[in-house]
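Let's take a walk through a structure together.

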There are 2 protein chains.
Amino acid sequence: MGLAKTEMFTGQQNEIALFAKVFGHPARVSILQHLFKINSCVCGDLVNEIGLAQPTISQHLKELKHLGLIKGSVEGTSVCYCINAENWTKMKETMLNFLNQDIPQTKDCC
Amino acid sequence: MGLAKTEMFTGQQNEIALFAKVFGHPARVSILQHLFKINSCVCGDLVNEIGLAQPTISQHLKELKHLGLIKGSVEGTSVCYCINAENWTKMKETMLNFLNQDIPQTKDCC
DNA sequence: TTTATATATTGCAATATTACGATTAATATT
DNA sequence: AATATTAATCGTAATATTGCAATATATAAA
């Protein structure tokens, strides 16, 4: 039904999935990489940088903001976005914990 | 249109998004965690472990297999799945590279 | 106050994802 | 061979995502 049954999973599993989902689109990956690259914050430059329409970029920014990974502040008519360092670090810990699971040593499993 | 315009992004960005996407559902997170926990491989136990129907689990396994993160081998009537250690490590490098980007030090960006 | 500029929101069409019942396929057991 | 067991596939319904044109909003400039 296109609907994840979140109630049958742990909070941690759902959290990992939520973070992963937001990275699951190249436009959002691109936006984040750009915000990391440009030390100072960017705004509608992203629309030019990435080749998508303004409403589309705005929507992707909204999702990133909603998860707390970026923050934006109004600067005149434009809005300045940047990485939310604190939340990024927290998210990173969660994801690293998942990615760094120990791989069983049994040469070949089955 | 519900269709990611992959051609406007770098191969690396698309790769990150593809990996992230597969982690973007708690059932697949759960499957992977279970495969990491149970040293020996599991098969239809996942159907019992996780509360989803057999075809649903089978579908999630297919996606994980398609990305190369797990491998399965037939054992009689059942199929034994396990982490593909080599590919997991490769994926991890790609994702770590993305997650570990240096956060600009400028106290507060905007 | 009018006009320009930048971003957000709305509405909608196209496509993707999730879930599962029904069925199929493949091997084991009797 | 007939039956049981296990997993994959098919078909389909419900929902989510993506992208953009049109529009709204908010501030700046004239």
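A few ground rules come before that. This is a predicted model, where local features need pLDDT of at least 70 and side-chain atom pairs count only at pLDDT 80 or more, while totals for chains, interfaces and linings use all residues. Residues are numbered from 1 along each chain as its sequence is written, chains are lettered from A and ligands numbered from 1 in the order in which they are written, and side-chain values use heavy atoms, with hydrogens and water left out.

Start with how the two protein copies relate. In general, two copies of a chain are related by a rotation about an axis and a shift along it.

Now look inside. The largest nonpolar core has 58 residues, and Phe23(A), Trp88(A), Phe23(B) and Trp88(B) touch the most other members. Such a core is a set of buried Ala, Val, Leu, Ile, Met, Phe, Trp, Tyr and Cys residues joined through side-chain atoms within 4.5 Å; buried means under 20% relative accessible area, exposed over 50%, and partly exposed in between (1.4 Å probe, protein chains only). Not counting residues up to four places away in sequence, Trp88(B) touches residues including Phe98(A), Leu99(A) and Ile103(A), along with Phe23(B) and Ile83(B).

Strand 1 (residues 70-75) and strand 2 (residues 78-83) of chain B run antiparallel and are joined by six bridges. (Two strands pair if DSSP finds at least two bridges between them; helices, H or I with at least four residues, and strands, E with at least two, are DSSP runs numbered from the N terminus.) Two residues sit between these strands, and Gly76(B) in the turn has a positive phi of about 70 degrees. Glu75(B) has Ser78(B) as its bridge partner.

Finally, the DNA. Around DNA strand C there are 30 residues, and among the nearest are Met1(A), Lys5(A) and Tyr81(A); a residue is near a strand if one of its heavy atoms lies within 4 Å of it. Polar contacts are pairs of N or O atoms within 3.5 Å; within protein, one must be able to donate a hydrogen and the other to accept it, and residues adjacent in sequence count only if both atoms are side-chain atoms. A polar side-chain atom of Lys5(A) lies 2.6 Å from a phosphate oxygen of DNA strand C, and for the side chain of Tyr81(A) the distance is 2.5 Å. Helix 4 of chain B supplies the largest share of this surface, five residues.

For DNA strand D, the largest share, also five residues, comes from helix 4 of chain A. A backbone N or O atom of Ala53(A) lies 3.0 Å from a phosphate oxygen of DNA strand D.

Conventions: Contact means heavy atoms within 4.5 Å.
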